[in-house]
Amino acid sequence: MEIVQQILFILLVGLTGRLVARRAGVISKTIRLGRDEDRTDQPERRLAMMLRIAFGQKKMFDKPLIGFLHLAVYLGFILINVEVLEIVIDGIFGTHRVFAPLFGKFYALLISFFEFLAVSVLVACVIFLIRRSIVKVPRLQPARHREMNGWPALDGKLILIFEIVLMIAILSMNAADSVLQARGHAHYPPTGNFLFSQFLKPLFVNINTGSLVVIERFAWWFHIIGIFMFAVYVTYSKHLHIILAFPNTYFAKLVPKGKMDNMPVITNEVRIMLGLEQPQEGAAVPDHFGAKDIQDLSWKNLMDAYSCTECGRCTAACPANITGKKLSPRKIMMDTRDRLEDVGRNMLANNGQFVEDGKQLIGDYILEEEILACTTCNACVQECPVLINPLDIILQLRKYKIMDEAKAPASWNAMFQNLDTNQAPWKFSPGDRLNWTQNLQS
Ligand code: SF4
Ligand code: SF4
């Protein structure tokens, strides 16, 4: 019987590894569809930024209580993996609590620490669930934000329920294990009491040993299968940020937020017009300006899309959204990810090659009205806890609409005309700029 369980367990580990690796391959391939952009300068500064923002979760502590609860879930997620490692080793080799002899009397202390984390995760997840479902934090509500309708709202709740159930399984497993230890069952060597699960022991003390072994084994399998399912699920969910937040913050922009990138090809044209450069024979002419689809965005823009936590802090701070415009920076990131996912599925179905599907990011996913509503204020960039830059995508899509399709609003065209002729957005000659000073008293 034991050997059957071991074989089953090894098959499960293999299947989980294969599904996660396959999904990681698709994500990495779609991110690499983006154009090149060098983000490898100043490695020490980048490392410090990653440690501060992703590891230290600095921006989450703008709201201290939420920051603390989020940190509890995050630490629980990272550190409980040591216990998961023990479970995996036990599952493969048919042992039970293989780390117990290694840690000796500290083992009970270690498991008690994991139980403390499990209870912290449980409490934090219950509070987060209440915030989503009962308190109804405005930025998370589908009724207020159409991008949260359907799967995104469900995803946010599902993962919390998933974590609550997994934590209950750990505590039940440990409580049943402790009772079996006290009864001297050969498969459950004594390790001492664990901090929290001992309070659940009264639930199990009146159950006969055979049934209790079944309960303990059920909780053990339930917990580990849950972990494997979680590992696969995360790669399809907004919770991918628990991994991508690290590279995403490392490769974030180091230049000041207000600095916009010029388009080298346009700068070059202007320099040629002003006689500062000579036209070069055979110089490559771009197919189009700006970005119309994900292939025109940089790989970092695409990694941003996969890293988005859908928290909506950007949208809650966006003046365009607050004043009722159609723009939501969170939706910009979610739409970009949706397009990436569609392209990824297309590639999977076509031997790894993208086959033209007649769609593009601007128009089919993000509307012109949305990108034109942006004031370029950078509030979304400032608010994002994982240093995502929705504005960068908006500006590139806007460049495409205006420069390639000449689809600017009439008032903007008048401003462009004025810039061209008057070197200022206003409709008067540069020579008249100081007219207002003429009647001033000295
Ligand atoms: S930069 Fe644009 S999208 Fe971002 S907050 Fe400002 S107006 Fe909203
Ligand atoms: S872009 Fe950042 S702030 Fe906006 S929803 Fe995504 S993670 Fe949250």
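Q: Which residues of H13 and H17 meet?
A: In this predicted model, Pro329, Ile332, Met333 and Thr336 are the H13 side of the contact, and Pro390, Ile393 and Ile394 are the H17 side. By class, the residues of this contact are six nonpolar, one polar and no charged.

Q: How is a pair of packed helices described?
A: Two quantities are used, the angle between the helix axes and the distance between those axes. Here, the axes of H13 and H17 (residues 390–404) come within 9 Å, with a crossing angle of roughly 75°. Angles of 65 to 115 degrees count as roughly perpendicular, and H13 and H17 are therefore roughly perpendicular to each other.

Q: Is the crossing of H1 and H13 left-handed or right-handed?
A: H1 passes H13 in a right-handed crossing. On the H1 side, the contact is made by Val26, Lys29 and Thr30. The H13 side consists of Leu340, Val343, Gly344, Met347 and Leu348. Sorted by class, the residues of this contact are five nonpolar, two polar and one charged.

Q: Which residues are closest to ligand 2?
A: A ligand can be read through its shell, beginning with the closest residues and then turning to the elements that supply them. For ligand 2, the closest are Cys308, Cys311, Cys314, Arg330 and Cys384, in a surrounding set of 15 residues. At least two residues of the shell come from each of H11 (313–317) and H13. The largest share, three residues, is from H13.

Q: How do the residues of the shell around ligand 2 divide by class?
A: Nine are nonpolar, two polar and four charged.

Q: Which residues are closest to ligand 1, and how many surround it?
A: The reading goes by residues, then elements, then classes. Ligand 1 is surrounded by 16 residues, the closest being Cys318, Cys374, Cys377, Ala379 and Cys380. Two or more residues of this shell come from each of H12 (319–322), H16 (379–383) and H17.

Q: Which element gives the most to the shell around ligand 1?
A: H17 does, with three residues. By class, this shell has 13 nonpolar, three polar and no charged residues.

Q: Where do the helix contacts and the ligand shells come together?
A: H13 meets H17 through residues that include Ile332 and Ile393. H13 also supplies three residues to the shell around ligand 2, while H17 gives three to the shell around ligand 1.

Methods: Residues are numbered from 1 along each chain as its sequence is written. Chains are lettered from A and ligands numbered from 1 in the order in which they are written. This is a predicted model: local features need pLDDT of at least 70, side-chain atom pairs count only at pLDDT 80 or more; totals for chains, interfaces and linings use all residues. A crossing is left-handed if the near helix is turned anticlockwise from the far one by less than a right angle, and right-handed if clockwise. Helices (H or I, at least four residues) and strands (E, at least two) are DSSP runs, numbered from the N terminus. Two residues are in contact if their C-beta atoms, placed from the backbone, lie within 7 Å. Ala, Val, Leu, Ile, Met, Phe, Trp, Tyr, Cys and Pro count as nonpolar, Asp, Glu, Lys and Arg as charged, and the others, Gly among them, as polar. A residue is near a molecule or strand if its C-beta atom, placed from the backbone, lies within 6 Å of it. Axes are lines fitted to C-alpha atoms, for helices over the stretch in contact, and angles run from 0 to 180 degrees between N-to-C directions. Angles under 35 degrees count as roughly parallel, over 145 as roughly antiparallel, 65 to 115 as roughly perpendicular and the rest as oblique.
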